[in-house]
Amino acid sequence: TQSSTHNITTDNVNVSSVNDIRLASQENKVNSFVVNGLGTDNSINGSIELAGSKDDGFTANLNGVTVNDGGVTVTNYAENGILNISGGSVTTTDAEKGSVTFISEGSITSDATVNSAANINMNADGAIDNDGSLTAQNNVNVDTTAGAIELGGSVTAKTGNVNVETDSGTI
């Protein structure tokens, strides 16, 4: 767990844990985070929170992790940076806390498969390009203030709605 007053400046951070992974300082200057679950079948108990503000953005390799008893939040604070989500897949199992949220003050690109026991939220100030499948038990929300949205994979909200919106751009 990282406090909000500390930051990490490095090329790559490879983090492994049985419980929470919380490296969410806005001041992190990291090119790439790689997440590994040390529980059964690459799982963690708790939440994953990653953030950074490297000028051109950063990559979050979620590495096929399963998150039990928590959710996933990845935030890019670099205004024109790209938040790149990779690593095959990420899965949450908790119906109340298991939302998966990707936020970027720039753009978002993803080729990961996301399976959420709750909601999936992708919010950007730039374009959103998602080639992986998105499956949520509740809602899938994809929203940008300025940019195109491209959803190349399947998008499923099992009991809720799929909401896709851009203030200026194509869908």
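Ile108 sits in strand 12, which covers residues 107–110. The model is a predicted one, in which local features need pLDDT of at least 70 and side-chain atom pairs count only at pLDDT 80 or more, while totals for chains, interfaces and linings use all residues. Residues are numbered from 1 along each chain as its sequence is written, and side-chain values use heavy atoms, with hydrogens and water left out.

The chain has 20 strands and 0 helices. Both are DSSP runs numbered from the N terminus: helices are H or I with at least four residues, strands are E with at least two.

**Overall form**

Along the principal axes, the C-alpha atoms fill a box of roughly 35 × 35 × 25 Å.

Of the 171 residues, 44% count as buried. Buried means under 20% relative accessible area, exposed over 50%, and partly exposed in between, with a 1.4 Å probe and protein chains only. Contact means heavy atoms within 4.5 Å. Among contacts with a separation of 6 or more, 36% are between residues 24 or more positions apart.

**The core**

In soluble globular proteins, nonpolar side chains tend to be buried together. Here the largest nonpolar core has 35 residues, and Ile48, Leu50, Val74 and Phe102 have the most contacts inside it. Such a core is a set of buried Ala, Val, Leu, Ile, Met, Phe, Trp, Tyr and Cys residues joined through side-chain atoms within 4.5 Å. Not counting residues up to four places away in sequence, Ile48 touches Ile21, Val35, Val65, Val67, Gly71, Val72 and Thr73.

**Two residues**

Ile108 counts as buried because its relative accessibility is 0%. Leaving aside neighbours within four places in sequence, its contacts include Leu83, Phe102, Ile103 and Met122.

Thr170 lies in the segment after strand 20 (162–166). Thr170 counts as exposed because its relative accessibility is 56%. With residues up to four places away in sequence not counted, Thr170 touches Gly147, Ala148 and Ile149.

The table gives one pair for each of these residues.

| Pair | Separation in sequence | C-alpha to C-alpha |
|---|---|---|
| Ile108 and Asn76 | 32 residues | 8.9 Å |
| Thr170 and Gly147 | 23 residues | 7.2 Å |
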